[in-house]
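Have your viewer open and a selection tool at hand. We will go from stop to stop, and at each one you will hear what to select and what is there.

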Amino acid sequence: MRIWVVEDDPEWRALVVDELVRQGAAARGMGSAEALYRELAVAPCDIVVLDIMLPGEDGLSATRHLRRTGDMGIVLVTGRGSAADMAHGLSMGADVYLPKPLELPVLVAALHSLHRRMAAGGGTAADPAAEPAGNGWSLRAGGWELWSPDGQALALSTAERALLHELLSCPGTPVGREQLIAALTPTPWDFDPHRLEVLLHRLRARVRGATRLTLPVRALRGLGYLWVPTQS
């Protein structure tokens, strides 16, 4: 996996590149979008990790340019973490949007996930394939957007994306709380199960507020949660 990291903070850039190399990737670091373009002219890559706040051309503009000219995976990393910022970044063509502060294991896991999807033919945002969810709902933009049956999009947080991916991987089949928690954290033994209920409650409220529709997820006592695949 060839990953070019574009970050103007040399210390953070070095940490990321060193960790990716330790994980077995061929990683290189650049300090600007212009340096990235020069690198790509002689050495293409599989995935680009882009900070948004860069000197010269910013990461959003670079994302738009890269999406027009190539089919590499694009991961945006930024301190702008609002839902509107995330939706804008994804609409520019990013496959993954990660807000700062960001832990290295989260970035590495996101890169592995994106690479697996690309290797399996899932494509990038240049070729966005919707993941159907039943009831006309779908996950798009690499799973970072939930689309309602009437075409409204809701940008998802990292936790919401992981939760919905588990539920939608087997619609109509109960998914246990332990499986959902394991998808949310690398240390499930330290996770308060009540946080799962809070996450779902807030997600339902966000979906209703954004779409005026009810998220078709049902709690099943003693079993977990179920994505209802058809309207009742």
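**First stop: helix α4**

Select helix α4, residues 83–91, and colour Met86, Gly89 and Leu90, which are buried (buried means under 20% relative accessible area, exposed over 50%, partly exposed in between, with a 1.4 Å probe and protein chains only). Turn the view to look down the axis of α4: its buried residues fall within an arc of 95°, so they line one face of the helix. That arc is the one spanned by the directions from the helix axis to the C-beta atoms. The background is simple: an α-helix has 3.6 residues a turn, so residues three or four places apart point the same way.

A word on what you are viewing: this is a predicted model, in which local features need pLDDT of at least 70, side-chain atom pairs count only at pLDDT 80 or more, and totals for chains, interfaces and linings use all residues. Residues are numbered from 1 along each chain as its sequence is written, and side-chain values use heavy atoms, with hydrogens and water left out. Helices (H or I, at least four residues) and strands (E, at least two) are DSSP runs, numbered from the N terminus.

What do the buried residues of α4 pack against? Show α3 (59–69), β4 (73–78), β5 (96–99), β8 (145–147) and β9 (153–155) to see these partners. Just after the helix, pick Gly93, which takes a positive phi of about 125°.

**Second stop: Asp51**

Next, select Asp51 in strand β3 (residues 47–51). An unreviewed UniProt entry lists Asp51 as "modified residue: 4-aspartylphosphate"; UniProt positions follow the numbering used here, feature names are shortened, and annotations may be inferred rather than shown by experiment. Asp51 is buried, at a relative accessible area of 5%. Leaving out residues up to four places away in sequence, Asp51 touches Val6, Glu7, Asp8, Gly59, Val77, Thr78 and Lys100 (contact means heavy atoms within 4.5 Å).

**Last stop: Leu215**

Finally, go to Leu215, in the loop between α8 (193–211) and β10 (217–220). Is Leu215 buried or exposed? Leu215 is buried, with a relative accessible area of 3%. Beyond residues up to four places away in sequence, Leu215 touches Leu146, Leu203, Arg204, Val207 and Trp227.
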